[in-house]
Amino acid sequence: MTDAQMEVTAKLTKKMMILGAPAAPLPEVTVGPLVSVYRFMPRGNTRVSQIEALATDFAVELGVEDCVVRRIAGENCVAVFVPNEVRRPVKFL
C-alpha cells in the first residue's frame, strides 16, 4: 500500500469511527484507471447499510466529487470506491 493509499484508508477509518460505524480496513487496495477500491470489514454491530449511508461524508472528507460504497458480491466486506487524483485513459483495442 502506498503512502497516499494509507492516508485515504486512515481518513475513511477515522470517519467511520467518528460517525458510529466502525470498520477495520483490509490491506488490499485495487487501483483502476478511474477509481481505487478500499475494502473494510464491519466491526461489532455495524451494519453494511450504515457504512453505505456514509458515502457523501467520505467524499467531503477526501475532497472528491463522489464516493460509492457497496458490498462486493462474493466477498465478505464493504468496498469504498474513491476517484483517483490522476486518472488514466481507458484504451480499447
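1. In this predicted model, K15 counts as buried because its relative accessibility is 19%, which falls under the 20% cut-off for that class. The residue lies in helix α1, which spans residues 3–18. Once residues up to four places away in sequence are set aside, the contacts of K15 are with D57, F58 and E61.

2. V8 also has its place in helix α1, and with a relative accessible area of 16% it is buried. Leaving out residues up to four places away in sequence, V8 touches Y38 and L62. For the pair V8 and Y38, the separation along the sequence is 30 residues, while the C-alpha to C-alpha distance in space is 8.7 Å.

3. The contacts of K15 and V8 can be read together with the packing of two helices. On the α1 side, V8, K11, L12, K15 and M16 take part, and they meet D57, F58, E61 and L62 in α3. The residues of this contact between α1 and α3 divide into 5 nonpolar and 4 charged, with no polar ones.

4. As for the geometry of the pair, the axes of α1 and helix α3, the latter made up of residues 55–62, come within 10 Å and cross at roughly 135 degrees. That angle makes α1 oblique to α3, because angles have to be over 145 degrees to count as roughly antiparallel, and those from 65 to 115 count as roughly perpendicular. The crossing in which α1 passes α3 is right-handed.

Technical notes. Residues numbered from 1 in each chain as written. Predicted model: local features only at pLDDT ≥ 70, side-chain atom pairs only at ≥ 80, totals over all residues. Heavy atoms only, no water. Helix = DSSP H or I, 4+ residues; strand = E, 2+ residues; numbered from the N terminus. Buried < 20%, exposed > 50% of the residue type's maximum accessible area, 1.4 Å probe, protein only. Contact = heavy atoms within 4.5 Å. Axes fitted to C-alpha atoms, helices over the stretch in contact; angles between N-to-C directions. Parallel < 35°, antiparallel > 145°, perpendicular 65-115°, else oblique. Left-handed = near helix turned anticlockwise from the far one by under 90°. Nonpolar A, V, L, I, M, F, W, Y, C, P; charged D, E, K, R; others polar.
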